[in-house]
Amino acid sequence: MSEPLFTRADLDALRQWDTPTICNGLEIVTPERRALGFTVEPMVAADRTLPPIVGLARTGLIRAKEAPRGAIPPREDWYDYVAADGDMPTIAVLQDIDDRPGYGAFWGEVQSTVHHALGVAGCVTNGSFRDLDALAPGFQIIGGRVGPSHAHVHLVQMRCMANVFGMVCNHDDVIHADYHGAVVVPAAAVRKLPAAIELIMRREKAILDMARAPGFTAAKMREALKRAGEIH
């Protein structure tokens, strides 16, 4: 049996950095993904004070503007699917496919409480959410907007490709998200990110220290960039 690419501890370690910092690290670890794999529209966080969420994607498509047509996945099956996978946390990634995403909210007091109890770390969606003062404490929602009604919201498909504001992900992809947005972390990059981020931070420190010192000039910026470039 092959060794797993990462453990729960590896995922938890990534929570110490915000999502922009994770994106910075990925630019070094997976430069071919520099312009893909992350959300590209402004998003709304249910609670900006919560730390980043990291977990395995549990994907689905929803819509709310019209009542369901034909067979749809039973909500009970979704709960079985999205529940935390043993030791690994999960994140619900729901793409709202209405022509105006967010017409009706899937997320509110009940769904946040149920998902939180099932071990789900949070949700990333281009759809809406509601019940801001009654959401389950500690359950993060990174969504497209806030709205008052759930309308006809229902699952259309699950365990499928989902596209949330340009972030295309699939079942079991590692997701890192905070109030800035979300990004897919390739499995092979998880354990490489801490070292890459530490390198970036040392390089940035050389620039920031000089920029914050008295008498900073454009000439000193050249010097700072040279010093940063020599850090490996």
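In this predicted model, the lining of the largest pocket receives at least two residues each from α1 (8-13), β2 (53-63) and β5 (120-125), where helices (H or I, at least four residues) and strands (E, at least two) are DSSP runs numbered from the N terminus. As the model is predicted, local features need pLDDT of at least 70 and side-chain atom pairs count only at pLDDT 80 or more, while totals for chains, interfaces and linings use all residues. Residues are numbered from 1 along each chain as its sequence is written, and side-chain values use heavy atoms, with hydrogens and water left out.

**Largest pocket**
- A pocket here is an open set of points on a 1 Å grid over the protein atoms alone, where a 1.4 Å probe fits, with protein on both sides within 12 Å along at least five of seven lines, and lining residues have an atom within 4 Å of a point.
- The largest pocket holds about 200 Å³ of space, a volume being the space filled by probe spheres set on the points, which are joined across faces, edges and corners.
- Its lining comprises 18 residues, and those nearest the centre of the pocket are Arg 8, Arg 15, Val 54, Pro 89 and Ala 121.
- By class, this lining of the largest pocket has ten nonpolar, four polar and four charged residues, with Ala, Val, Leu, Ile, Met, Phe, Trp, Tyr, Cys and Pro taken as nonpolar, Asp, Glu, Lys and Arg as charged, and the others, Gly among them, as polar.

**Second largest pocket**
- The second largest pocket has a volume of about 170 Å³, and of the 14 residues lining it, Ala 105, Phe 106, Gln 111, Arg 130 and His 150 are the closest to its centre.
- Two or more residues of the lining of the second largest pocket come from β4 (105-107) and likewise from α4 (109-117).

**Helix packing**
- The axes of helix α2 (residues 19-29) and helix α5 (residues 193-212) come within 8 Å and cross at roughly 105°, the axes being lines fitted to C-alpha atoms over the stretch in contact and the angles running from 0 to 180 degrees between N-to-C directions.
- Helices α2 and α5 are therefore roughly perpendicular to each other, a term that covers angles of 65 to 115 degrees.
- The residues of the contact of α2 with α5 (heavy atoms within 4.5 Å) divide into nine nonpolar, three polar and two charged.

**Loop residue Gly 138**
- Gly 138 lies in the loop between β6 (128-129) and β7 (140-143), and C-alpha to C-alpha it is 8.4 Å from Asp 47, although the two are 91 residues apart in sequence.

Key:
Parallel < 35°, antiparallel > 145°, perpendicular 65-115°, else oblique.
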